Number of protein chains: 2
Amino acid sequence: MTGTTGSIDAALLDRLMTDVSRFGTTGDGGVDRQAGSTAHGEARDWFRSELEARGYEVRIDAIGNLFGLLNFAGGNAPLVMTGSHLDSQPAGGRFDGAYGVVAALAALESLRAAVAAGAPAPGCNFCIVDWMNEEGARFQPSLLGSGVYAGELNLEYALSRVDGDGHSVRDELERTGYLGTDPAPRANVYVEFHIEGDDALEKAGLTIGPFARYWGAVKYRVVMKGERAHTGPTAMPSRRDAGLGAAHVIVGLREMSNSRDGALYTSVGRLVVEPNSPNMIPDRATMFIELRAPDPTMLEDAERELKALLESSAAAARVECEVLSVDRRPAGAFDPHLVRLAEQEAAVRGLGTMQLDTIGGHDAVPVSRTCPAVVVTVPSVGGVIHHPDEFSRPGDLEAGANVLLGMLAALGAAGGDVAAAVGAGQGGAR
Amino acid sequence: MTGTTGSIDAALLDRLMTDVSRFGTTGDGGVDRQAGSTAHGEARDWFRSELEARGYEVRIDAIGNLFGLLNFAGGNAPLVMTGSHLDSQPAGGRFDGAYGVVAALAALESLRAAVAAGAPAPGCNFCIVDWMNEEGARFQPSLLGSGVYAGELNLEYALSRVDGDGHSVRDELERTGYLGTDPAPRANVYVEFHIEGDDALEKAGLTIGPFARYWGAVKYRVVMKGERAHTGPTAMPSRRDAGLGAAHVIVGLREMSNSRDGALYTSVGRLVVEPNSPNMIPDRATMFIELRAPDPTMLEDAERELKALLESSAAAARVECEVLSVDRRPAGAFDPHLVRLAEQEAAVRGLGTMQLDTIGGHDAVPVSRTCPAVVVTVPSVGGVIHHPDEFSRPGDLEAGANVLLGMLAALGAAGGDVAAAVGAGQGGAR
């Protein structure tokens with residue numbers, strides 16, 4: 001199909017990227033478009049008007065996900081969904097999320113134009129999605145809209161989350177006009193384009209990086225409980241120093257990673273020591289521990305090792321250790337056919353590819369547990385993300401949107417069948 | 001002299017202890033009599049009236065130290081000073097400090113009565129002191145009055161210290177009537193009685209514990225400076241984790257103590273991690289490090305080792321280490337003649353003794369750098385101090401006051417010469 005749908009409209013993509021970057025601009029190349037904010041609502045209003053002006057059927061569901069449906073094949077045909085999110089970090093970049101949303105529109109517009117010009121009609125329907133609160137900067141947890149969509153988060157729970165000022169998701173969706181009542185369209189395939197957010201593609205001189213796997217994470221909130229005492233007269237053997245217990249954990253966690261050649265990621269980002277007085281032995285040290293790994297078995301092993309480390313560290317400091325909470329996000333793989341399809345459509349266009357892992361979360365992770373899904377990335381200059389300096393070159397954005405177009409065309413030719421699309425796309429594209 | 005001045009008036013000592021415990025009582029056996037507070041001022045007014053009623057010459061110096069002079073031997077004779085402090089911790093005990101002040105009055109009253117009854121007049125004069133702000137709970141630093149007296153603290157600096165509410169030492173002294181203008185009497189000998197504040201005497205079944213040494217302390221405020229980054233995508237080898245650097249220091253400090261069989265005391269009481277977000281690698285970790293030891297050489301060695309530890313810990317975490325401040329309090333010994341004199345006067349009265357070290361500060365530490373000085377202690381039940389449960393048995397308080405009386409009598413017989421007093425006391429007492 002490359003002959004007729006081979007390229008997106010680069011001018012349209014550029015205009016959409018420029019337009020969306022206005023909303024919440026921080027004047028330094030970045031945006032502050034946190035979920036449910038006025039700037040976020042205005043960006044969504046703009047995108048909604050772009051959809052409506054082109055005849056897409058707009059739906060807003062109960063957690064504020066925004067959908068734009070494009071019907072080619074009738075009500076019962078499979079649905080191929082593509083998109084990302086328009087919310088941002090507080091001092092975020094203008095590409096993270098927004099690129100996947102506007103690339104979806106650019107790709108589908110080219111697909112539609114090709115069909116209007118005589119290309120065979122796709123055997124499936126399409127839908128663009130703008131997920132609510134991917135970032136989780138203002139409202140936790142992140143991946144809120146896609147989590148509710150995938151049935152992993154309870155709707156009422158999600159709506160009742162509040163920000164630091166006590167505003168709830170429900171109130172802010174209502175205020176900005178995105179507390180919807182429409183049923184969410186159910187996708188049979190989900191393809192998300194995104195900036196890489198790291199520098200693997202740049203370093204390798206490649207353009208297209210499908211994520212083959214998403215890493216799992218295990219998060220422990222732990223408190224070491226010792227005994228408050230003066231640092232002066234208290235004899236060393238009788239001390240029960242909660243800070244020392246925490247220090248053993250922090251050092252041991254790094255050793256856990258080193259013993260796996262860094263394949264296991266470990267961290268203690270937050271550590272609160274009490275009473276935190278220069279001359280008092282701490283009686284409490286609360287830690288936020290993360291383990292991350294691409295391999296579920298490695299993560300399970302690491303969690304066992306962490307439990308032993310907590311015990312031995314507490315014993316070394318003569319303190320008690322209590323696990324306050326555990327949050328497990330399983331590791332997994334994106335659909336291998338879709339990874340292959342991305343590689344194939346990139347190859348057709350002469351674009352170099354490499355398979356990558358994603359360590360951070362993406363909306364495609366919860367969605368992948370409901371249907372075949374993938375995230376495909378384009379290079380981030382310097383690997384920068386979540387910062388006003390975040391930048392992806394227009395040529396790479398265009399190349400990515402062309403690969404998305406090829407993937408959508410192939411899926412359309414295969415009637416939404418991902419296995420068949422690999423062949424269909426390849427055949428159709430040549 | 002034991003024949004005539006052998007015992008203090010136990011009823012007087014008991015009444016003085018009971019009276020002083022009223023000021024700032026917290027109703028649970030403890031007192032809140034922080035320096036410069038109304039309760040502290042009322043306790044000092046009471047003690048001053050006790051001095052004046054007995055004909056002592058009261059002086060208040062420029063930093064609010066309260067003195068009561070008893071002239072036996074004329075203006076140019078040596079001066080033997082004894083006392084402690086009437087200020088307390090916020091939820092402190094009623095014995096810490098107050099005991100040494102009232103024991104001084106009870107001992108000198110018995111000495112004076114003996115002279116009035118025909119005993120030989122001492123060859124020196126005496127002075128009771130109530131030092132301003134020993135505790136340092138409300139105004140830092142501690143040992144404020146004795147530090148100014150000893151010339152280790154600048155007067156204007158000391159007066160300008162403020163509490164958490166912005167009240168200055170100067171204002172609170174003025175408000176309570178203790179911003180004096182009298183010259184401080186200069187002591188030739190200083191003897192302070194105090195509760196032990198630990199349980200060495202109790203465990204050993206002994207009554208009198210002269211402090212032979214005071215420990216030194218080296219306090220470092222240090223910041224580890226790394227790089228802020230997400231705990232998700234940042235590869236382990238490229239992390240610069242300030243929290244990890246701090247953890248290596250905390251673990252290494254304990255090893256420094258262990259390698260000296262616990263004779264070196266080490267601690268990190270305060271640790272502030274920034275930004276302290278669960279999914280951010282810390283870029284700053286600020287630590288308050290203490291080293292304490294009785295032996296100046298050990299402390300010097302330990303400080304060298306600490307510097308190496310800071311470097312190796314920073315290198316292990318790929319971070320920078322900056323020392324923000326260093327505070328050194330030298331270790332030292334109290335006057336060995338005075339220690340011997342305490343042992344001798346205890347032995348005469350059949351009281352068991354052991355030499356102890358003090359790790360915390362006492363007013364006698366700065367004073368000891370201006371004249372021979374010692375702290376002599378009586379047992380603390382359970383070793384409790386700085387707590388309403390702090391308790392010393394009336395019999396032990398009386399025994400201590402009797403030893404003080406013996407020491408003052410011996411010093412009087414020797415005209416304030418500490419070396420001569422050892423023989424004089426022993427001879428005179430039998």
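**Note on a predicted two-chain model**

1. Chain A can be superposed on chain B by a rotation of 179° with 0.2 Å of shift along its axis, and the RMSD is 0.3 Å. This is the relation of a two-fold axis. Within chain A, A:Ala247 has the C-alpha nearest the axis, at 2.1 Å from it.

2. The contact between the chains may be described next. In it, 40 residues of chain A are in contact with 40 residues of chain B. The area buried between chain A and chain B is about 3300 Å², and carbon and sulfur atoms give 57% of this area. Three residues, A:Met236, A:Arg254 and A:Asn276, supply 19% of the area that chain A buries against chain B, which is more than any other three residues. The size of an interface is often given as the accessible area lost when the parts come together.

3. Which surface does each copy use? Of the interface residues of chain A, 100% are also interface residues in chain B, so the copies meet through the same surface.

4. In chain A, four strands form an open sheet with antiparallel pairing, and their order is S11-S13-S9-S14. The edges are taken by strand S11 (265-274) and strand S14 (320-329) of chain A; each has a single partner strand, so one side of each is left without a neighbour in the sheet. On average, neighbouring strands of this sheet are turned by 15° against each other, direction ignored.

5. Strand S9 (residues 216-225) and strand S13 (residues 284-293) of chain A run antiparallel and are joined by 10 bridges. Here A:Arg221 stands opposite A:Phe288 in S13(A). Helix H9 (residues 242-258) of chain A packs on the sheet and touches S9, S11 and S13 of chain A, its direction making about 10° with that of S13(A). Helix H10 (residues 296-316) of chain A lies across S9, S13 and S14 of chain A and runs at about 10° to S9(A).

6. The sheet of chain B is also open, with four strands in the order S11-S13-S9-S14 and antiparallel pairing. At its edges stand strand S11 (265-274) and strand S14 (320-329) of chain B, each with a single partner strand, so one side of each lacks a neighbour in the sheet. The twist from one strand to the next averages 15°.

7. How many bridges join S11(B) to strand S13 of chain B? There are nine, and the two strands run antiparallel. The bridge partner of B:Val273 in S13(B) is B:Ala285. Helix H9 (residues 242-258) of chain B lies across S9, S11 and S13 of chain B, at about 10° to S13(B). Helix H10 (residues 296-316) of chain B lies across S9, S13 and S14 of chain B, at about 10° to S9(B).

8. In helix H7 (residues 169-176) of chain B, the residues B:Val169, B:Glu172, B:Leu173 and B:Thr176 are buried. Seen down the axis of H7(B), these buried residues fall within an arc of 100°, so they line one face of the helix. An α-helix has 3.6 residues a turn, so residues three or four places apart point the same way.

9. What covers the buried residues of H7(B)? The cover includes helix H3 (38-53), helix H5 (144-149) and helix H6 (155-159) of chain B. After H7(B) comes B:Gly177, whose phi is positive, near 85°.

Methods
Residues numbered from 1 in each chain as written. Chains lettered and ligands numbered in written order. Predicted model: local features only at pLDDT ≥ 70, side-chain atom pairs only at ≥ 80, totals over all residues. Heavy atoms only, no water. Least-squares fit on C-alpha atoms with pLDDT ≥ 70 in both. Contact = heavy atoms within 4.5 Å. Buried < 20%, exposed > 50% of the residue type's maximum accessible area, 1.4 Å probe, protein only. Arc of directions from axis to C-beta. Pairing = 2+ DSSP bridges. Axes fitted to C-alpha atoms, helices over the stretch in contact; angles between N-to-C directions. Buried area = accessible area lost by both parts, 1.4 Å probe.
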